[in-house]
Amino acid sequence: MAPVGPRSGDAIFSSIDRVNAELFTLTYGAIVRQLLTDLEEVEEVNKQLDQMGYNIGIRLIDEFLAKSGVSRCVDFKETAEMIAKVGFKMFLGVTASVTSWDADGTCCSIVLEDNPLVDFVELPDTCQGLYYCNVLSGVIRGALEMVSMKTEVTWTRDVLRGDDAYELQVKLLKQIAEEYPYKDDE
């Protein structure tokens with residue numbers, strides 16, 4: 001029997017159960033709105049969205065690895081490509097591209113072609129410092145930490161803030177050594 005290779009983001013996206021996109025978008029918007037009401041400070045909302053995303057990411061990586069059939073990536077470049085081409089397509093139904101690599105291969109940008117989280121969204125003047133989709137940066141950071149990569153993920157461009165695209169900068173801070181349980185079988 002031939003080994004099963006990794007599946008493309010399109011193949012996975014077409015085979016998994018999905019939630020209505022409008023329901024998802026409106027629910028996310030309600031969460032952000034409630035955070036703005038409860039926390040009152042935009043910077044605190046940004047931190048909370050990032051933390052929520054981080055918590056989602058540390059759980060989502062298991063589903064990604066199980067359903068995508070992806071084996072261990074060779075390096076950070078391959079990992080970034082897998083996030084852009086398979087991960088975003090698998091979970092959000094959008095395609096992303098990886099650009100702007102630094103000379104060391106430890107920092108890149110992920111540019112989203114579309115962003116379903118921002119349908120029906122306009123930021124009021126009082127929320128201009130808000131990174132509305134900050135949950136995505138947390139998801140990436142949490143998922144990568146679970147595969148032994150400590151990263152910093154920040155928004156560099158956001159259409160809601162007047163830019164021409166949605167762009168995340170992903171910077172590898174360090175490779176975390178894997179820890180194995182101490183002789184569980186004895």
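## Leu 130 and the cores

Leu 130 touches Val 32, Leu 36, Val 42, Val 45, Asn 46, Leu 49, Leu 123 and Arg 161, leaving aside residues up to four places away in sequence; contact means heavy atoms within 4.5 Å. The model is predicted, so local features need pLDDT of at least 70 and side-chain atom pairs count only at pLDDT 80 or more, while totals for chains, interfaces and linings use all residues. Residues are numbered from 1 along each chain as its sequence is written, and side-chain values use heavy atoms, without hydrogens and water.

Leu 130 is also among the residues with the most contacts inside the largest nonpolar core, along with Phe 88, Tyr 132 and Leu 136. This core has 38 residues. A nonpolar core is a set of buried Ala, Val, Leu, Ile, Met, Phe, Trp, Tyr and Cys residues joined through side-chain atoms within 4.5 Å; buried means under 20% relative accessible area, with a 1.4 Å probe and protein chains only. Helix α4 gives the most to this core, with 6 residues.

## Helices α3 and α4

The axes of α3 (residues 42–68) and α4 (residues 76–92) come within 11 Å and cross at roughly 100°. That makes α3 roughly perpendicular to α4 (65 to 115 degrees). Axes are lines fitted to C-alpha atoms over the stretch in contact, and angles run from 0 to 180 degrees between N-to-C directions. Helices are DSSP runs of H or I with at least four residues, and strands are E runs of at least two.

## Strands β1 and β2

β1 and β2 run antiparallel and are joined by 4 bridges; pairing needs at least two. Thr 99 stands opposite Ser 109 in β2.

Terms used
Angles under 35 degrees count as roughly parallel, over 145 as roughly antiparallel, 65 to 115 as roughly perpendicular and the rest as oblique. Buried means under 20% relative accessible area, exposed over 50%, partly exposed in between (1.4 Å probe, protein chains only).
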